[in-house]
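Work through the exercises below with the structure in view. Try each task before reading its solution.

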Amino acid sequence: MTEKTPSSPAVQFRKDLVAIIPSLRAFARGLCGNRDLADDLAQEALTKAWAAQDSFKPGTNFRAWMFRILRNHFYTTATVQKRYVAYDPEIAERVLTVQPNQGGEIVLEDLRRGLQTLPVEQREALILVEAGLQWDEIADVMGVPLGTVKSRITRARTALKRYMDGPPDAPLPKKQGASISPVGVE
Amino acid sequence: MDDDMTEDSVGIGPEKEEDMKSFPLPTTVDRRRSSDPIAAGLKRLWVDVESEPVPEEFFSLLDFIENSRSSAEKDR
């Protein structure tokens, strides 16, 4: 049996896991948009990470490794159990026609809703930027080329801005027979 | 996840690295955040969750896994 000293790898691994729990919860919350499901997902990721700890290479990016485990589990679970709401372009379009914001300021609840209207692969890219990961680290977590990451982030930001701006103002109806001549110049 | 599935939904062209060269992506997160309320809002959402107290069940889970693993090692 391996002796657990305060500096042993097992002890350090647990410390690393504990330290990353808040970020895991934030990532999971962003992915599934539901607190309870997100916490389930984060806990399942912790369990998987513990089981796979021998596959983690010390000195490599622990944060990216954990995010990769969580997102892989999310996609597996979402596919197999359909536990999470899938992206539906029709629903997203309906939501986009609702003015989310009566003022000019960003309302976080609107932003949260807007985030959930995005396709999940765009959403996760955007969330990982907020997690502080570099572009190449995000590409590593998502298992896609760097260009794909940039593309997804750009699309996500464009769609989210559209959502937050609300529908464009309808043009004013033209009056029948209205004169275009300036007043007094006839 | 099929990338093609999402391209039509946002009406933007194919995802190719060479297509991205002209995209005005920020070079640093801070520069983007200072001028983009959406980026600032997203960061706020992230920080809000990170700042929540971690539910006790997370620590219980780690204790459980650690104890189960220790017991299994002792049994070998």
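**Exercise 1. Count the aromatic pairs over all chains, then classify the pair of Phe13(A) and Trp65(A).**

Step 1. Apply the pairing rule: rings of Phe, Tyr and Trp (its six-membered ring) pair if their centres lie within 6.5 Å. The count comes to nine aromatic pairs over all chains.

Step 2. Classify by planes: under 30 degrees apart is stacked, over 60 is edge-to-face, and the rest are tilted. Phe13(A) and Trp65(A) lie 6.2 Å apart, centre to centre, with 70 degrees between the planes, and the pair is edge-to-face.

Step 3. Locate the partners. Phe13(A) is in helix H1 of chain A and Trp65(A) in helix H3 (residues 62–81) of chain A, 52 residues apart, and the pair links distant parts of the chain. Helices here are DSSP runs (H or I, at least four residues), numbered from the N terminus.

This is a predicted model: local features need pLDDT of at least 70, side-chain atom pairs count only at pLDDT 80 or more, and totals for chains, interfaces and linings use all residues. Residues are numbered from 1 along each chain as its sequence is written, chains are lettered from A and ligands numbered from 1 in the order in which they are written, and side-chain values use heavy atoms, with hydrogens and water left out.

**Exercise 2. Classify the pair of Phe62(A) and Trp65(A), and decide whether each residue is buried or exposed.**

Step 1. The ring centres are 5.9 Å apart and the planes stand at 35 degrees, so the pair is tilted.

Step 2. Both residues lie in helix H3 of chain A, three residues apart, about one turn of the helix.

Step 3. Phe62(A) has 13% and is buried. Trp65(A) has 9% and is buried.

Step 4. Phe13(A), Trp50(A), Phe56(A), Phe62(A) and Trp65(A) form one aromatic cluster.

Notes
Helix = DSSP H or I, 4+ residues; strand = E, 2+ residues; numbered from the N terminus. Buried < 20%, exposed > 50% of the residue type's maximum accessible area, 1.4 Å probe, protein only.
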